[in-house]
Amino acid sequence: MSDETPPDRNVFRDTLVPLMAEDQRLVCLDSDTGLYNGTDFGPAADRYINLGIAEQDLMGVAAGLAKSGRIPVVNTMATFASTRALEFVKIDIAYNAVPVRIAATHSGLSAASLGPTHHSLEDLAVMRVLPNMTVLVSTGGESTAQLFRQSVDLPGPVYLRLGRGATPQLPEDAPPVRIGEAQVLRHGEDVTLVACGPYPVHAALLAAERLAERDLSASVLNMHTIKPLDVATLVEHARESRLVISVEEHWEHGGLGAAVSEALAGRLPVLVRRVGVSDEFVSMAGDHPYLLERSGITPDAVVDAVLEALGDID
């Protein structure tokens, strides 16, 4: 793996702007994030609208534009999209199944030292239960561009979870990202590691390497599409495994781990364990990697979860 990708939000911006020049339907709605300061939209300049820090209005305007034949792209922080503006997302956007694209930056703990008010550890739980909503989690770099490009013509609304800063990069030989299909990064027979987001996927890959040193082979699935979940690929790998571990930068409840558990329940008699942020707010100060370390989203935590669960089985 190469070291880092550029920040998700920058890759997203640099993908969106040229697409707006090509596709007259696209409109960028901003919440005064500063991401587009100095950006040259060229012929699409009149389709960039900064509504200021008014996330509820942002969602309502987006719904109206979508009903008028546009494809609005809403840019705001993940916690504000999924909590502050939730009623508007639910009623104006999801209920009407309109094609709004919510680009949610600063997801998970990537807002870091801004504290619990800006952390977003609930957004996957919130968004995936809304009918009609497609929920995507970028893994950084080119995956951000691929997911967004593919999402443009999807029916209904899309929630695209993005980070804030540079993140670890996927292996160069990783298969292409396709919405609705788990990205299989490693094949194994003993354990299936299912992750989403750059740091959790990176942790799963490193954990798989360390497990191999213990003669345990692990599959690693990048489940970048939380909804609709790729149940077929998940079941295919889980069927051959003694254990399934989910890894996510989200509270342990309601997110990827819950989606995986729900999908496997009634289909396979396989043990599922979750690696995520425990049921508490992350109040310590520090940068993004530090908060992840303190919250147990690490390769060592994944390895420990696997060994403990296998010990319980044996």
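Which residue forms a salt bridge with Asp-123? The partner is Arg-161, and the closest N and O atoms of the two are 2.9 Å apart.

1. First, what you are looking at. This is a predicted model, in which local features need pLDDT of at least 70 and side-chain atom pairs count only at pLDDT 80 or more, while totals for chains, interfaces and linings use all residues. Residues are numbered from 1 along each chain as its sequence is written, and side-chain values use heavy atoms, with hydrogens and water left out.

2. Back to the opening pair. Helices (H or I, at least four residues) and strands (E, at least two) are DSSP runs, numbered from the N terminus. Asp-123 is buried at 0% relative accessibility, and Arg-161 is buried at 4%. Here, buried means under 20% relative accessible area, exposed means over 50%, and partly exposed is in between (1.4 Å probe, protein chains only).

3. The structure holds eight salt bridges, each being a side-chain nitrogen of Lys or Arg within 4 Å of a carboxyl oxygen of Asp or Glu. One of them joins Glu-262 and Arg-128, at 2.9 Å from N to O. Glu-262 sits in helix H9 (residues 256-264) and Arg-128 in helix H5, so the pair connects parts that are 134 residues apart in sequence. Arg-128 is buried, with 14% relative accessibility.

4. Arg-13 counts as buried at 18% relative accessibility, whereas Asp-14 is partly exposed at 48%.

5. If you go looking for disulfides (pairs of cysteine sulfur atoms within 2.5 Å), a search of the whole structure finds zero. Among the cysteines, Cys-28 is buried at 0% relative accessibility, and Cys-196 is buried at 2%.

6. Five aromatic pairs are present. Rings of Phe, Tyr and Trp (its six-membered ring) pair if their centres lie within 6.5 Å; planes under 30 degrees apart count as stacked, over 60 as edge-to-face and the rest as tilted. Tyr-36 and Tyr-48 make a tilted pair, 5.4 Å centre to centre with 50 degrees between the planes. Tyr-36 is in the loop between strand S2 (26-30) and strand S3 (48-50), and Tyr-48 is in strand S3, twelve residues apart. Tyr-36 is buried at 4% relative accessibility, while Tyr-48 is partly exposed at 22%. Ring pairs also bring in Phe-41, linking Tyr-36, Phe-41 and Tyr-48 into a cluster.

7. Another ring feature involves a charge: Arg-84 lies over the face of Phe-80, at 4.1 Å from the ring centre. For this, NZ of Lys or CZ of Arg must be within 6 Å of the ring centre and within 35 degrees of the ring normal.

8. Helix H11 (residues 299-313) is worth a look. It has 15 residues and reaches 21 Å from its first C-alpha to its last, close to the 21 Å expected at 1.5 Å a residue; the expected span is 1.5 Å times one less than the number of residues. Its buried residues are Pro-299, Val-302, Val-303, Ala-305, Val-306, Ala-309 and Leu-310. Seen down the axis of H11, these fall within an arc of 160 degrees, so they line one face of the helix. That arc is taken from the directions from the helix axis to the C-beta atoms. The face turned away from the buried side carries the exposed residues Glu-308 and Asp-312.

9. Finally, some backbone details. A cis peptide bond joins Lys-227 and Pro-228, with omega about 0 degrees, and Pro-228 lies in the loop between strand S12 (225-227) and helix H8 (231-239). Ala-97 has a positive phi of about 55 degrees although it is not a glycine; this residue is in the loop between helix H4 (86-94) and strand S5 (101-105). His-106, in the loop between S5 and H5, has a positive phi near 60 degrees and is buried at 6% relative accessibility.
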